[in-house]
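Trainee: I have a model open and would like to learn how to read its features one by one. Can we go through them together?

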Amino acid sequence: MRLDVVTIFPEYLEPLNVSLVGKARARGQLDVRVHDLRSFTHDRHHTVDDTPYGGGPGMVMKPEPWGEALDSILASGEAERPARPVLVVPTPSGRPFTQALAVELAERPWLIFAPARYEGIDRRVIEEYGEHLEVHEVSIGDYVLAGGEAAVLVITEAVARLLPGVLGNAESHRDDSFAPGAMADLLEGPVYTKPPEWRGRGIPEVLVSGHHGKVARWRRDEAFRRTSVNRPDLIERCDPAALDKHDRKTLVELGWQELPEGGFGRSDRAVEE
Ligand code: ADE
């Protein structure tokens, strides 16, 4: 997979040289190219921003440097690979970045990231490239960062670990929280390793029972427990067809109430109604 990042802070992307992403680069599984947006300016001050039309606080990123940077990246790709890249624009006004989108992006051969600073990029850049490319404006959460670079790191790591051969254990992401499949839409429960006792704390007996069925059941119950506390919205949205009898019993024990359609709602709310 090829990744291009255009930024006014190339050094912010240094973490792409370490850990999982760094190793994937070293192995040739990821071809990461970081470009300095200022090198696509022509004035003495390397200006990349200007005041917003219509007034208001802050500055807006000028379209010309972005246009030149993106054109040059696209041109470099033409010779190398015919596939069209996906343009990813991190912004708090984008659609939420999810595991499903990470999976979608991991299937693409080429991603270009356009992280903005200041109040954002002149809208015409998104419109212009949206005519030729698939453009995803994505937010990594309901908070505002000073710029999109940290979001690029987040998205890159989530995508890179899904690439074939990047994670050591091919099974490692099957049970991820939010991964499609058996534990779909449940948060992962707690995990333990040696020693068997630490500061007087043991580990759940079932994990050393050697009984795979019981271990799987315990893990699923713990996943329900954690999801119930940290993400009750996921319980409310869960697909009733994915719940077996034991799941239903577990949810009732956790204080949930079975609804007529087979899903679950909070008992407290049911009582209020
Ligand atoms: N840039 C600033 N805040 C952001 C967010 N929450 N997600 C993605 N990009 C951003």
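**Reading the features**

Mentor: Start with S177, which touches L186, L187 and E188 when residues up to four places away in sequence are not counted. Keep in mind that this is a predicted model.

Trainee: Where does S177 lie, and how many residues separate S177 and E222 along the chain?

Mentor: S177 is in the loop between helix 5 and helix 6. S177 and E222 are 45 residues apart along the chain, and their C-alpha atoms are separated by 12 Å.

Trainee: Which residues are in contact with T227?

Mentor: Leaving aside neighbours within four places in sequence, T227 is in contact with D185, L186, L187, P232, L234 and I235. T227 itself lies in helix 6, residues 212-230.

Trainee: Is T227 buried or exposed?

Mentor: The general idea is a cut-off: a residue counts as buried under 20% relative accessible area and as exposed over 50%. T227 has 0% relative accessibility, so it counts as buried.

Trainee: And H35, buried or exposed?

Mentor: H35 is buried, because its relative accessible area is 18% and buried means under 20%. H35 lies in strand 2, residues 31-36. Its contacts, leaving aside neighbours within four places in sequence, are D4, V5, V6, T7, F40 and I73.

Trainee: How should I read a nonpolar core?

Mentor: In soluble globular proteins, nonpolar side chains tend to be buried together. Here the largest nonpolar core has 28 residues. Those with the most contacts inside this core are L30, L105, L111, F113, I155 and V159.

Trainee: Which elements give two or more residues to this core?

Mentor: They are strand 1 (2-7), helix 1 (19-26), strand 5 (86-96), helix 3 (99-106), strand 6 (110-113) and helix 5. The largest share, six residues, comes from helix 5. Apart from this core lies another, of 22 residues, which includes I8, L70, A116 and I121.

Trainee: What does F113 touch?

Mentor: Not counting residues up to four places away in sequence, F113 touches L3, D4, V5, V6, V88, V152, I155 and T156. D4, V5 and V6 are also among the contacts of H35.

Trainee: Next, the ligand. Which residues are around it?

Mentor: They are P90, T91, P92, V138, S139, I140, G141, Y143, V144, L145, G147 and A151. For a polar contact, look for a pair of N or O atoms within 3.5 Å. A backbone N or O atom of I140 lies 2.9 Å from a nitrogen atom of the ligand. For Y143, a backbone N or O atom lies 2.8 Å from a ligand nitrogen atom. A polar backbone atom of G141 is 3.1 Å from a nitrogen atom of the ligand.

Trainee: Where does UniProt place the feature "binding site"?

Mentor: The UniProt record, an unreviewed entry, places this feature at I140, G141, D142, Y143, V144 and L145. Of these residues, I140, G141, Y143, V144 and L145 are included in the lining of the second largest pocket.

Trainee: Is V144 buried or exposed?

Mentor: V144 counts as exposed because its relative accessibility is 70%. V144 lies in the loop between strand 7 (134-139) and helix 5 (149-160). L145 is also placed in the loop between strand 7 and helix 5. With 38% relative accessibility, L145 counts as partly exposed. Leaving aside neighbours within four places in sequence, L145 is in contact with I140, A150 and A151.

Trainee: What should I look for in the backbone angles?

Mentor: Most residues other than glycine have a negative phi, and most peptide bonds are trans. In this model, a cis peptide bond joins K194 and P195, with omega about 5°. P195 lies in the loop between helix 5 and helix 6.

Trainee: Where is Y118 found, and what is its phi?

Mentor: Y118 is in the loop between strand 6 and helix 4 (123-130). Its phi is positive, about 60°, although Y118 is not a glycine. Y118 is partly exposed, with a relative accessible area of 39%.

Trainee: And what is the phi of R199?

Mentor: Phi of R199 is near 50°, a positive value in a residue other than glycine. R199 is placed in the loop between helix 5 and helix 6. R199 is exposed, with a relative accessible area of 70%.

Terms used
Residues numbered from 1 in each chain as written. Predicted model: local features only at pLDDT ≥ 70, side-chain atom pairs only at ≥ 80, totals over all residues. Heavy atoms only, no water. UniProt positions renumbered as here; feature names shortened; annotations may be inferred. 1 Å grid on protein atoms, 1.4 Å probe; cavity = no way out; pocket = protein on both sides within 12 Å on 5 of 7 lines; lining within 4 Å. Helix = DSSP H or I, 4+ residues; strand = E, 2+ residues; numbered from the N terminus. Buried < 20%, exposed > 50% of the residue type's maximum accessible area, 1.4 Å probe, protein only. Contact = heavy atoms within 4.5 Å. Core = buried A, V, L, I, M, F, W, Y, C linked by side-chain atoms within 4.5 Å. Near = heavy atom within 4 Å. Polar contact = N/O pair within 3.5 Å; in protein donor to acceptor, adjacent residues only side chain to side chain.
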